[in-house]
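Visitor: Could you take me through one part of this model closely? I would like to look at the place where the two protein chains meet, and then at what surrounds it.

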Number of protein chains: 2
Amino acid sequence: MGVQERRLREKQELRQEILDAARDLFVHEGYDNVSMRKIAEKIEYSPTTIYLYFKDKADLLDQLCEETFARLEKKSLLIDRSTSDPLEALRKGLRAYIDFGIRHPNHYKLTFMTEMQTGDDPDAFGRTRAAGQRTFDHLAGQVAQCSKLGIFQIHDVKATSQILWAAIHGITSLQIVKHRFDWVERERLIEGMLDTVLSGLGAPKAVGV
Amino acid sequence: MGVQERRLREKQELRQEILDAARDLFVHEGYDNVSMRKIAEKIEYSPTTIYLYFKDKADLLDQLCEETFARLEKKSLLIDRSTSDPLEALRKGLRAYIDFGIRHPNHYKLTFMTEMQTGDDPDAFGRTRAAGQRTFDHLAGQVAQCSKLGIFQIHDVKATSQILWAAIHGITSLQIVKHRFDWVERERLIEGMLDTVLSGLGAPKAVGV
DNA sequence: CTAGTTTAGTTAACGCTGTTCATCTGCTTT
DNA sequence: AAAGCAGATGAACAGCGTTAACTAAACTAG
């Protein structure tokens, strides 16, 4: 019965080929500027073949976003393991998030800046939402630890985590999209933001950007 | 020569009619979900007529963005005039920015969340860009005032202004794009962000979200 | 070994989209 | 009345996401 296994493997290989092509095109040209026909042309299959492996174009995006989240999550776990001080671990995690976004602007745009409009399917982008939730939960865990240890003077871990997320997303997305703006030196901007927001939560830090 | 004037007036009236229809549709259905044909149908003209008054669909949105930004600018000036405390004025201005973005997500998305690819037309979205720069300059002015009065302990007005901008942009854009995320109550999130970041700059404020 | 069924992939098509161009209409001027 | 002209349009182009019907190959059962 090795035949069925081979066929299954070939199916999965084509599936991966489609994902690779889509990621490459999405990342280099932007989701909206990539058509199903372009993806099909790249893999040298008919456009309709893609629909045998993915529900629609949004489904394709969903899978790729989940993938991106997974990479970020892995990085975060590595930082956690190698950093004992919770505040330092949190700060490094936030910093890693920003760096990741700036280093992979198109992945970031795809994942965090593309509006995922769900037609009438309530399960649309389920993978991306789940992965994003995990990433956020990880951040929330770090914030909870800082709160429990008295490093932060806060009483709402969830709200605080969302504030932190918004802060680093603000920096990251603006740096990506408004690259023609007259920015202050990037390093100073990022560290200044982290200083400001962490000290605003009560963490000991010299005031003054 | 009242005839030519009447014709000119009628032209401008139709122009305004197109803008009104486009604004209504963009705001309620989203830029991407509105076609030129839909706009044309609404004003009971042929789709091609719109091209006699606007360069293309993006031009239409550019005009609307400028228009809406003018309203934001007006609001900011009103706040300034009616608020003597500079910190309070700044805070209200930041708040107005966020509310503006959430109330006009499509205008906001175009202005601050789309990479304005100036393919062969360097003046594309010129109106919107200019309005955005004015908005930032206004913010920087407020920050400078707070710094001069010793409300903020900072030494880089420009960096601080960019941090504030990034913070409120983070909140605004995430609220727009990730509207299915499990957000904390919006009011608490926004006020929490403002508390955090302003106190992080040295402004007197009870710590603790 | 053949007949029937499943599978993988394709072709053609539908109903959209933004945009362009040649054409037509109705008013103004000569 | 004739000519000119500005404003509006119908038809068309090239592209889009997606679906339905179809073909060809491979597998399975008798």
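Guide: Here is a walk from the pairing of the chains to the DNA and then to some helices.

This is a predicted model, in which local features need pLDDT of at least 70 and side-chain atom pairs count only at pLDDT 80 or more, while totals for chains, interfaces and linings use all residues. Residues are numbered from 1 along each chain as its sequence is written, and chains are lettered from A and ligands numbered from 1 in the order in which they are written.

Let us begin with chain A on its own. Its secondary structure comes to nine helices and zero strands; helices (H or I, at least four residues) and strands (E, at least two) are DSSP runs, numbered from the N terminus. The C-alpha trace of chain A spans about 65 × 45 × 35 Å along its principal axes. Of the 209 residues in chain A, 38% are buried, where buried means that 20 or more other C-beta atoms lie within 10 Å of a residue's own, exposed means 12 or fewer, and partly exposed is in between, with C-beta atoms placed from the backbone.

Now to the meeting place itself. In chain A, 35 residues are in contact with 35 residues of chain B; contact means that the C-beta atoms of two residues, placed from the backbone, lie within 7 Å. On the side of chain A that touches chain B, the elements giving two or more residues are α8 (157–177) and α9 (186–200) of chain A. The largest share, 13 residues, comes from α8(A). By class, this side of chain A divides into 17 nonpolar, 13 polar and five charged residues. Here Ala, Val, Leu, Ile, Met, Phe, Trp, Tyr, Cys and Pro count as nonpolar, Asp, Glu, Lys and Arg as charged, and the others, Gly among them, as polar.

How do the copies relate? Chain A is superposed on chain B by a rotation of 176° with 0.5 Å of shift along its axis, at an RMSD of 1.5 Å, using least squares on the C-alpha atoms of residues with pLDDT of at least 70 in both. The two copies are thus related as by a two-fold rotation axis. The same surface serves both, as 97% of the contact residues of chain A recur in chain B.

For DNA strand C, the nearest of 18 residues are Ser46(A), Thr48(A), Ser35(B), Asp56(B) and Lys57(B). The surface near DNA strand D has seven nonpolar, six polar and seven charged residues, and the one near DNA strand C has seven nonpolar, five polar and six charged.

Finally, look at some helices of chain B. In α8(B), 17 of the 21 residues are buried, so this helix is mostly covered. At 1.5 Å a residue, its 21 residues should span 30 Å, and the end C-alpha atoms of α8(B) are 30 Å apart, which agrees; the expected span is 1.5 Å times one less than the number of residues. For α6(B), nine of the nine residues are buried, so α6(B) is largely enclosed by the rest of the structure. Its buried residues include His107(B), Tyr108(B) and Phe112(B).

Conventions: Near = placed C-beta within 6 Å.
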